[in-house]
Amino acid sequence: MIPGGGQPNMQQLLQQAQKMQQDLALAQEELANTEVDGQAGGGLVKATVTGAGELRALKIDPKAVDPEAASVEETAETLADLIVAAVQAANQNAQTLQQQKLGPLAQGLGGGSGIPGLPF
């Protein structure tokens, strides 16, 4: 309902929608270019993802692959667990960044839930 009972200014609504679309595109581009890290095992494994969730780097400290500490099978299993945990931590940090960047834009669109392409 428009205050005063008048008709909405369609030109103004279109301009606002266009600005929001531009702001969203800029935020998505910034997310794609921003890298965030996650780690596991006290930093033995570090994963780097973009704010959009793309895995960019994985670093494994040589101490995580100590053949004298356990059998090859146990070392491989532990290393796999550490990699998964580091990537999950990095993705969680990326989701937090997405909410910071895109949350205000989603609120401007009427809440944020149910908007295709937004994870919140």
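Residues are numbered from 1 along each chain as its sequence is written, and side-chain values use heavy atoms, with hydrogens and water left out. Because the model is predicted, local features need pLDDT of at least 70 and side-chain atom pairs count only at pLDDT 80 or more, while totals for chains, interfaces and linings use all residues.

Four of them are found in a search of the whole structure, a salt bridge being a side-chain nitrogen of Lys or Arg within 4 Å of a carboxyl oxygen of Asp or Glu. One of these joins the side chains of Lys19 and Asp23, with an N to O distance of 2.9 Å. Both residues belong to helix α1 and sit four residues apart, about one turn of the helix. Helices (H or I, at least four residues) and strands (E, at least two) are DSSP runs, numbered from the N terminus. Lys19 is partly exposed, at 49% relative accessibility, and Asp23 is likewise classed as partly exposed, at 26%. Here, buried means under 20% relative accessible area, exposed over 50%, and partly exposed in between (1.4 Å probe, protein chains only).

Arg56 takes part in a salt bridge with Glu35, in which the closest N and O atoms are 3.4 Å apart. Arg56 lies in strand β3 and Glu35 in strand β1 (residues 35–40), so this pair ties together parts that are 21 residues apart in sequence. The side chain of Arg56 also meets that of Glu54 in a salt bridge (3.6 Å, N to O).

Leaving aside neighbours within four places in sequence, the contacts of Thr50 (heavy atoms within 4.5 Å) are Leu31, Ala32, Thr34, Glu35, Val36, Arg56 and Ala94. Glu35 and Arg56, both touched by Thr50, are also the salt-bridge partners described above. Glu29 is partly exposed, with 49% relative accessibility.

Patches are made of residues with over 30% relative accessible area and no salt bridge, like charges being joined within 9 Å and nonpolar side chains (Val, Leu, Ile, Met, Phe, Trp, Tyr) within 5 Å. Accessible areas come from the Shrake-Rupley method with a 1.4 Å probe, and for residues only the protein chains shown count as cover. Leu58, Ile60 and Val65 make a nonpolar surface patch of about 220 Å². Leu58 is part of strand β3 (residues 55–60) and is partly exposed, at 38% relative accessibility.

A patch of negative charge is formed on the surface by Glu73, Glu74, Glu77 and Asp81. For charges, Lys and Arg count as positive and Asp and Glu as negative, whereas His and the chain ends are not counted; the place of a charge is taken as NZ of Lys, CZ of Arg, CG of Asp or CD of Glu. Glu77 belongs to helix α2 (residues 72–108) and is exposed, with a relative accessible area of 54%. Thr75 is also found in helix α2, yet this residue is buried, with a relative accessible area of 13%. Not counting residues up to four places away in sequence, Thr75 touches Ala64, Val65, Asp66 and Ala70. Among these contacts, Val65 is also a member of the nonpolar patch.
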